[in-house]
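The following note sets out, point by point, what may be read from the model shown below. Each point is kept to one topic.

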Amino acid sequence: MATRRCRNCETVIGVDDRFCAGCGQAVVESHDRSLARLLRSSFTEVTSIDGRLWRSLRYLMLRPGLLSLEYREGRRRRYLSPISLFLLGNLLFFLAPPLSDFQLSLTEQYQLQPYSAWIAQWVDAYLAVSARTFEDVADAYRLRVVELAKLMVIVHVPLLAAGTMLIAVDKRLFFADHVVMGLHYFAFLMIYLILVSVVLGLLYLAIPFQWPIGPYVAPVAILVQFLYVPAMLRKALGVSWLRALVSTPLFIFALLIAHFTYRLVQFVVAFALVGAA
């Protein structure tokens, strides 16, 4: 009988072995090349990933801070990595309809931001030497922002991590530990915003919001989003509920700083591309 070898690493495989002892790959037989097998194995990988995908999503959404704690304490095999979860959230965010808070128009950047006076000087100087009108530039800017906004969400993470590091400086955690918490938080936030928009859209189609329900829908959604924060801080940082609650306004302040910095960086990059076009 011919010696069987793993098709991935060439390690010798026993007659009854189902997995390679060298690399762990399942032994590939002729029937594994069928279309049915391909579809079944692909579905299993996408929906299971050894159970890590659903477990990670469930804990991310329903047990704030646990994934960050587990990662820091070395229990990592059973979950998706922080960057994988972030990229999954970012992928869903990329496929979803744009959310205006992450994608401002040129007019909003020009008039409504804390740094708008500086932006107005930049835009006005450009228009003074260009044959283009503000409206033409705004249209070109909008197209650039659509391309950039969802790709640049990760800019928030190191900025937020710097803020949480100051909040919990006595914990003496590594900066990477705070980056992990930031990745988990923004993975949650992107998935949560998408779920809220989908659920509200379906509810509106079924029962159009009328007074007095309508005005309270968005505030309730925002409140739930921020209720996540103290629970996350308590578990991820290992602090008391009191400290977590006291730290929540500081976290939100750090989040706002990160978000306005993201908007400013987004403007600089997008407007530079518009000017170079």
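1. Buried means under 20% relative accessible area, exposed over 50%, and partly exposed in between. D170, at 47% relative accessibility, therefore counts as partly exposed. The model is a predicted one, and the remarks below should be read accordingly.

2. Overall architecture. The secondary structure of the chain comprises 11 helices and two strands. In sequence order the elements follow the pattern β-β-α-α-α-α-α-α-α-α-α-α-α. The chain has 277 residues, of which 36% count as buried.

3. The salt bridge of D170. Which residue is the partner of D170 in a salt bridge? The partner is R243, and the closest N and O atoms of the two are 2.5 Å apart. D170 is placed in the loop between helix 8 and helix 9, whereas R243 belongs to helix 11 (residues 241-276), so this pair ties together parts of the chain that are 73 residues apart in sequence. R243 has 27% relative accessibility and so counts as partly exposed, and D170 is likewise partly exposed, at 47%.

4. The network around E70. Salt bridges with shared partners join E70, E73, R75 and R78 into one network. Within it, E70 forms a salt bridge with R75, with 2.6 Å between the closest N and O atoms. E70 also forms a salt bridge with R78, and here the closest N and O atoms are 3.9 Å apart. The cut-off for a salt bridge is a side-chain nitrogen of Lys or Arg within 4 Å of a carboxyl oxygen of Asp or Glu, so the E70 to R78 contact, at 3.9 Å, is counted. In total, the structure has four salt bridges.

5. Is E70 buried or exposed? Its relative accessibility is 7%, so E70 counts as buried.

6. Aromatic pairs. The structure holds 14 aromatic pairs. One of them joins Y110 and F134, whose ring centres are 5.3 Å apart and whose planes lie at 70°, so the pair is edge-to-face. This pair links distant parts of the chain, with Y110 in helix 5 (residues 106-111) and F134 in helix 7, 24 residues apart. Y110 is partly exposed, its relative accessible area being 22%.

7. The pair of Y185 and Y228. The ring centres of Y185 and Y228 are 6.4 Å apart and the planes stand at 50°, so the pair is tilted. Y185 lies in helix 9 (residues 175-206) and Y228 in helix 10, so the pair ties together parts that are 43 residues apart in sequence. Y185 has 0% relative accessibility and counts as buried. Y228, at 7%, counts as buried too.

8. The aromatic cluster. Which residues form one aromatic cluster? They are W118, W122, Y126, Y141, F267 and F271.

9. The nonpolar surface patch. L91, F94, L95 and L151 form a nonpolar patch on the surface, and together they have about 430 Å² of accessible area. F94 is located in helix 4 (residues 82-95). With 43% relative accessibility, F94 counts as partly exposed.

10. R234 is situated in helix 10 (residues 214-237). The relative accessible area of R234 is 33%, so R234 is partly exposed. Patch members need over 30% relative accessible area and no salt bridge, and R234 passes the area cut-off with its 33%.

11. How far apart in space are V155 and V265, C-alpha to C-alpha? The distance is 8.6 Å, although the two are 110 residues apart in sequence. V155 sits in the loop between helix 7 (134-148) and helix 8 (156-167). V155 has a relative accessible area of 24% and is therefore partly exposed.

Conventions:
Residues are numbered from 1 along each chain as its sequence is written. This is a predicted model: local features need pLDDT of at least 70, side-chain atom pairs count only at pLDDT 80 or more; totals for chains, interfaces and linings use all residues. Side-chain values use heavy atoms; hydrogens and water are left out. Helices (H or I, at least four residues) and strands (E, at least two) are DSSP runs, numbered from the N terminus. Buried means under 20% relative accessible area, exposed over 50%, partly exposed in between (1.4 Å probe, protein chains only). Rings of Phe, Tyr and Trp (its six-membered ring) pair if their centres lie within 6.5 Å; planes under 30 degrees apart count as stacked, over 60 as edge-to-face and the rest as tilted. Patches are made of residues with over 30% relative accessible area and no salt bridge: like charges are joined within 9 Å, nonpolar side chains (Val, Leu, Ile, Met, Phe, Trp, Tyr) within 5 Å. Accessible areas come from the Shrake-Rupley method with a 1.4 Å probe; for residues, only the protein chains shown count as cover.
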